[in-house]
Amino acid sequence: MYLIETYKSIQGESSFAGLPCIFVRLAGCNLRCSWCDSEYTFKGGYSQSIDQVEQTIAGLAPVKLVEFTGGEPMLQAKELLPLMDRLLASGYQLMIETSGERPLADVPKAVHKIMDVKCPGSGESERFHQPNLEALTPRDEVKFVITDRRDYEFARDFTLTHNLADQVRAVLFSPAFTNRPSLERDASNCTLDPRQLVEWMLADGVSARLNLQIHKFIWEPAKKGV
Ligand code: SF4
């Protein structure tokens, strides 16, 4: 497998936000979202066998929640899926953050999928693999990163059209964050003011929860490995 970093921190997003978590960040992505904050994953990385990754995770004990992220982790499904099976058998709770561009049907059902459906402002909204909607389970979450009113309406309508609120554990509306942040640990680095997003959500009574990336409010927003 090709990795960028493996570390232990606080989960910053989703309904697991605030929980201690091990992050395994895989190298490579086939999308180029306009607001991507992980461009450093596009190239490079180091190679490890599944055994080595498993050992690295074990070395970060006693945390038992693991998130695979990237980049796009499903580009390495051939190695990742067997590793997931092993970790589940060892009692780990697993999450994967994915764009939903690659098929997700073979991801073990016990894994919590956080599927980041791309809105128009990302420039990648046409890349979504629609059959992945059938692969969602009540463990999963669907996230939308929202840059403006057009993105908000896309997320709101997608949520309603596909009845997401009744199918998944959480629908997450996340204000976009600049990929050139200042050192300030506050909402000034959001390209859409969270207050504006909340006002739209309240006006529509949308069945979604506001998702702030809390690690960017705890540490300097550009800091890696946290
Ligand atoms: S899918 Fe994720 S890693 Fe890939 S370009 Fe988009 S935000 Fe960046």
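Trainee: How do the residues of the shell around the ligand divide into nonpolar, polar and charged?

Mentor: Six are nonpolar, one is polar and two are charged. Nonpolar here means Ala, Val, Leu, Ile, Met, Phe, Trp, Tyr, Cys and Pro; charged means Asp, Glu, Lys and Arg; the others, Gly among them, are polar. This is a predicted model: local features need pLDDT of at least 70, side-chain atom pairs count only at pLDDT 80 or more, and totals for chains, interfaces and linings use all residues. Residues are numbered from 1 along each chain as its sequence is written, and side-chain values use heavy atoms, with hydrogens and water left out.

Trainee: Which residues surround the ligand?

Mentor: Cys 29, Leu 31, Arg 32, Cys 33, Trp 35, Cys 36, Phe 42, Gly 71 and Lys 118.

Trainee: What joins Ala 61 and Pro 62?

Mentor: A cis peptide bond, with omega about 10°. Pro 62 lies in the loop between α1 (50-58) and β4 (65-69).

Trainee: Switching to the core. Which residues touch the most other members of the largest nonpolar core?

Mentor: Val 24, Phe 68, Met 84, Phe 144, Ile 146 and Phe 173, out of 47 residues. Such a core is a set of buried Ala, Val, Leu, Ile, Met, Phe, Trp, Tyr and Cys residues joined through side-chain atoms within 4.5 Å. Buried is under 20% relative accessible area, exposed is over 50%, and partly exposed is in between (1.4 Å probe, protein chains only).

Trainee: Which helix gives the largest share of this core?

Mentor: Helix α2 (residues 77-89), with five residues. A second, separate core has nine residues, including Tyr 7, Phe 16, Cys 21 and Leu 172.

Trainee: Is Ser 14 buried or exposed?

Mentor: Buried, at 9% relative accessible area.

Trainee: And Asn 163, what is its phi?

Mentor: Positive, about 50°, and Asn 163 is not a glycine. Asn 163 is in the loop between α3 (149-161) and β8 (170-175). Asn 163 counts as partly exposed, at 40% relative accessibility.

Note on methods: Helices (H or I, at least four residues) and strands (E, at least two) are DSSP runs, numbered from the N terminus. A residue is near a molecule or strand if one of its heavy atoms lies within 4 Å of it.
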